Each structure stands twice: as structure tokens, then as C-alpha cells.
Amino acid sequence: MKVSSERLPSCQLRLRFEVDPEEMQGPLKRAYQRLAHRVAIPGFRRGKAPPHILERHVGRQTLLQEALNDLIPQLYEQAIKERGIEPFAGPELELLQLDPPIFEARVPLPPRVELGDYHAIKVTPDEVEITEEQVEEALEGLRHSQAYWQPAERPCRLDDIVVLDIRGEVEGEPLFDEKERWYRLTSEATWPAPGFVQQVLGMNKGEGKEFVLPLPADFPESQFAGKECHFKVFLHEVKEENIPELNDDFAKSLDWEVNSLEELRGKMKARLRERAEQEAKSKLEREVLEALVGFSEVEFPPILVEMEIDQLIGEELRRRGWPSLEDFLRNLGKSEEELREELRPLAEERLTRSLVLGKVAEQENIRVGESEIEAEIERLSASAGERREELRQLLSSRGRESIRNELLTRKTLERLVEIALKEEPEGPAEQTSEN
């Protein structure tokens with residue numbers, strides 16, 4: 001047998017096998033024995049037909065194919081063992097010629113990551129400052145979150161909620177037919193058509209109105225896009241927002257464990273600062289990671305991208321609650337191939353970042369201990385209420401590796417930021433915990 005190899009781009013190796021006719025004798029004999037017991041030949045009991053009769057009955061091509069089904073995996077395993085090849089995953093096999101057999105194996109190899117000098121990365125953190133204006137704006141948002149809606153005996157205006165019957169026709173064909181729909185009158189609203197809010201403003205309870213508006217060019221039902229829609233609306237009720245007064249009583253009514261408005265302001269400022277500091281930290285991590293990826297060399301086999309796409313699709317199905325990929329694709333109006341191509345750039349980006357971070361973790365000796373995983377499981381399950389124990393057991397049994405990877409990523413990013421800020425002496429640092 002002759003075996004040649006060729007290194008391919010993207011961490012792949014091509015092995016070409018040319019099998020000598022002599023090497024086929026044993027596999028052909030075993031193939032005959034298997035086929036003889038599976039194929040019924042008139043005039044012979046199963047397993048008793050002579051080889052030339054069996055070959056004439058099933059064809060030499062079938063006999064060769066049966067022999068190669070066992071021989072090809074054996075020859076492949078022998079070749080990678082003799083050459084010390086460590087495949088990352090199973091090969092893609094292609095039979096180029098049947099007699100004498102010639103086949104190729106495209107072998108995915110482990111990813112290659114060459115880091116740049118990440119100790120040379122420098123970043124400047126944003127200064128976190130919380131102004132009184134930000135605090136007052138947040139308190140105003142809190143007031144609105146605690147508001148309730150009450151009937152108003154006046155013409156409707158912006159930011160009111162109105163209860164409407166909405167009917168729309170395009171060229172005599174019904175398009176909209178909503179009964180007693182609650183509708184928030186905002187300047188940003190564009191449903192059911194741009195300009196609809198402006199037509200409704202100023203209407204009173206019990207009043208009807210008719211008007212015509214053009215539907216947008218990107219209207220979801222393309223056959224109606226750009227056409228004029230004749231609207232009929234009837235206003236049942238106007239509701240205005242009743243916002244609580246910002247005082248000590250309002251502060252006490254919240255579940256913030258405060259007894260005065262000033263205490264509420266203090267807590268709100270602390271929360272805003274914590275959020276801003278987290279955003280600043282996340283920004284630093286993105287900057288450091290982007291810099292690191294920018295001057296690192298990363299190469300990986302195509303199968304890894306396909307696996308990452310599978311992961312992205314699975315995450316999207318779980319996030320949106322779709323029971324099957326077929327239902328999800330039907331809703332999107334796309335084929336699986338179209339969806340996979342759409343997700344490919346994101347998959348490649350995620351994969352590159354993951355591999356780079358993994359290499360940094362290796363060089364910096366960063367590890368995640370079992371006690372850290374247990375602590376994270378307790379933190380994640382703490383907010384599950386009555387299902388706390390159920391969630392904790394689920395995470396302990398099925399989610400440990402995912403949690404380990406998440407913690408490793410978190411610790412690696414923190415280490416990169418520390419290096420970029422020069423908070424520690426340069427050089428690898430042991431980052432592990434007990435267990």
C-alpha cells in the first residue's frame with residue numbers, strides 16, 4: 001500500500017491511500033463470507049455459493065465495496081498510528097477509485113494558536129462618575145415604573161394610553177381589525193403605519209375617525225407595501241399615567257429597605273455606580289480581548305466552525321422556546337443552509353476568542369477549582385425559590401463543565417485586564433484554587 005500526505009490550510013491533513021491488489025485478497029475473502037450468508041442465490045443454500053457465482057450474482061463492485069467498508073477504517077487507523085498523527089475529530093473519507101482502490105482521508109487536526117505579546121497590551125480605564133442628574137433621572141424612571149393608569153376625561157395626548165378599535169383596508173381588502181386594543185401614544189410608534197399616532201392625537205372618548213396613510217416600503221406583507229391604507233378608528237377610552245410623588249412615603253413603599261427619600265437617593269447612586277463600574281470593566285475586557293485577537297495567529301479545522309454553529313442554533317432554540325429546528329426555520333422563512341451561513345461569521349469570531357483565551361489560560365496557569373464551581377452553583381440556584389434544590393442538582397449533574405468554562409473565561413479576562421493595567425508584575429501567575 002502506498003500512503004502519501006499533504007498538509008492543507010485550516011489545520012487539515014490529506015492522506016491518500018493506494019491499495020495494492022494483493023492487499024485486497026483477505027478483505028475480499030471476508031467480504032465474500034459476509035455476503036454469502038446475507039444474499040439468497042437460486043440453487044444454493046445460504047453461505048454455500050462459490051465465490052465466482054456470488055460475484056456474478058451481486059457484481060464485483062458490490063463485493064469490492066463490502067470489502068472496503070472494513071478495510072478503509074483499518075488502513076486509516078494504521079496510517080495515523082504509524083505517522084504519529086493526532087486527529088482532532090473523525091476524517092472525511094472519499095473513495096476516488098474502486099479497482100484498484102484509491103481513497104483519500106481529510107483529517108482535522110487540533111487548532112493552532114500563536115499568541116502575540118499580550119503583556120504589552122495597555123488600556124486606560126474610564127473614570128466612573130455618577131452625577132446628580134443621573135440619579136434624578138433614575139428616580140424619575142422608578143416613579144414611572146410604580147405608576148398606574150386612570151381614566152382621563154379630555155382629548156388624548158402623547159404618552160397617554162388609548163383603547164381603540166382599529167380597522168384598516170387596502171384596495172377594499174381587510175388588513176387590520178383590532179377590537180379594544182390598548183395603544184400607547186408615543187412619538188416613536190410606527191404601528192400600524194407611520195403617522196398613525198398623529199392622526200389619533202386630540203381625539204375624545206366616544207369619537208370615531210377615518211383617514212388614509214401609506215404603508216411603509218418594508219411592510220411585512222410585501223403585497224401591501226407602499227400602498228395606501230384606509231383606516232377607521234373608534235376611541236373607547238383615554239387613560240393617563242398617575243405617577244406617585246417623589247417623597248419619603250414613596251421611598252418607604254419600595255422594597256429597598258430605606259426610610260427616607262435621601263436614603264433612596266444614596267442607594268440609587270450606589271447602584272448606578274456599581275452598574276457603571278461593571279460596564280467600564282466589560283469595556284476594558286472587550287478592548288483587551290480585541291487587541292489580543294488582533295495580533296494573535298489562530299487556525300482551526302472547519303469542523304470546529306460547524307460545531308460552533310450547532311451550538312449557536314441550540315442556544316437560539318432554547319432562548320426562543322422553539323420545540324424543533326424545523327419549526328424555527330419555518331418561522332424565519334429560511335433553509336438550514338441559509339441560517340448556518342448567516343451564523344458562520346459569529347461562530348468564527350466566538351471560536352477565535354475562545355481559543356485565544358484558552359491559550360492565555362494555559363500560559364498563565366489559570367485553573368478553576370471544584371469549590372469555585374460549587375460556589376457558582378449555589379449563587380445561580382439561590383434565586384430559584386422553591387425550585388432551588390432542583391436547579392442546584394441539575395447544575396451539579398449536567399452543568400458543571402459549562403460553569404467551569406464560564407468561570408475560566410471570567411478569570412482569564414480578569415487576568416488580561418490586570419496585565420493591561422499593570423496592576424501585577426508581568427509574567428505567568430498561578431491562578432488556581434483548592435481541590
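In this predicted model, Met24 touches Val19, Leu64, Ala67, Leu68, Leu71 and Pro101, leaving aside residues up to four places away in sequence. Met24 is also among the residues with the most contacts inside the largest nonpolar core.

**Nonpolar cores**

- The largest nonpolar core has 33 residues, and those with the most contacts inside it are Leu15, Phe17, Met24, Leu54, Ile85 and Val107.
- At least two residues of this core are supplied by each of β2 (12-18), α1 (25-38), α2 (51-58), α3 (60-82) and β4 (102-108).
- Helix α3 provides the largest share of this core, with 10 residues.
- Another core, of 32 residues, lies apart from it, and includes Tyr118, Val288, Leu343 and Ala420.

**The largest pocket**

- The largest pocket holds about 1,300 Å³ of space.
- Its lining consists of 35 residues, and Arg350, Ser354, Asn405, Glu406 and Thr409 are the ones that lie nearest the centre.
- Two or more lining residues come from each of β5 (112-114), α7 (261-294), α8 (302-320), α10 (336-363) and α13 (400-421).
- Helix α10 makes the largest contribution to this lining, at 10 residues.
- By class, the lining of the largest pocket comprises 12 nonpolar, 9 polar and 14 charged residues.

**The cavity**

- The structure contains 1 cavity of 30 Å³ or more.
- The volume of the largest cavity is about 30 Å³.
- The residues that line the largest cavity are Arg167, Gly168, Glu169, His230 and Lys232.
- Strands β7 (161-170) and β10 (228-242) are the elements that give two or more residues to this lining.
- Strand β7 gives the most, with 3 residues.
- The lining of the largest cavity has no nonpolar residues, and divides into 2 polar and 3 charged.

**Cysteines**

- A disulfide is a covalent bond between the sulfur atoms of two cysteines.
- The count of disulfides in this model is 0.
- Is Cys229 buried or exposed? Cys229 counts as buried, because its relative accessibility is 0%, and buried means under 20%.
- Cys11 is likewise buried, with a relative accessible area of 1%.

Terms used:
Residues numbered from 1 in each chain as written. Predicted model: local features only at pLDDT ≥ 70, side-chain atom pairs only at ≥ 80, totals over all residues. Heavy atoms only, no water. Disulfide = S-S within 2.5 Å. Buried < 20%, exposed > 50% of the residue type's maximum accessible area, 1.4 Å probe, protein only. 1 Å grid on protein atoms, 1.4 Å probe; cavity = no way out; pocket = protein on both sides within 12 Å on 5 of 7 lines; lining within 4 Å. Points joined across faces, edges and corners; volume = space filled by probe spheres on them. Helix = DSSP H or I, 4+ residues; strand = E, 2+ residues; numbered from the N terminus. Nonpolar A, V, L, I, M, F, W, Y, C, P; charged D, E, K, R; others polar. Core = buried A, V, L, I, M, F, W, Y, C linked by side-chain atoms within 4.5 Å. Contact = heavy atoms within 4.5 Å.
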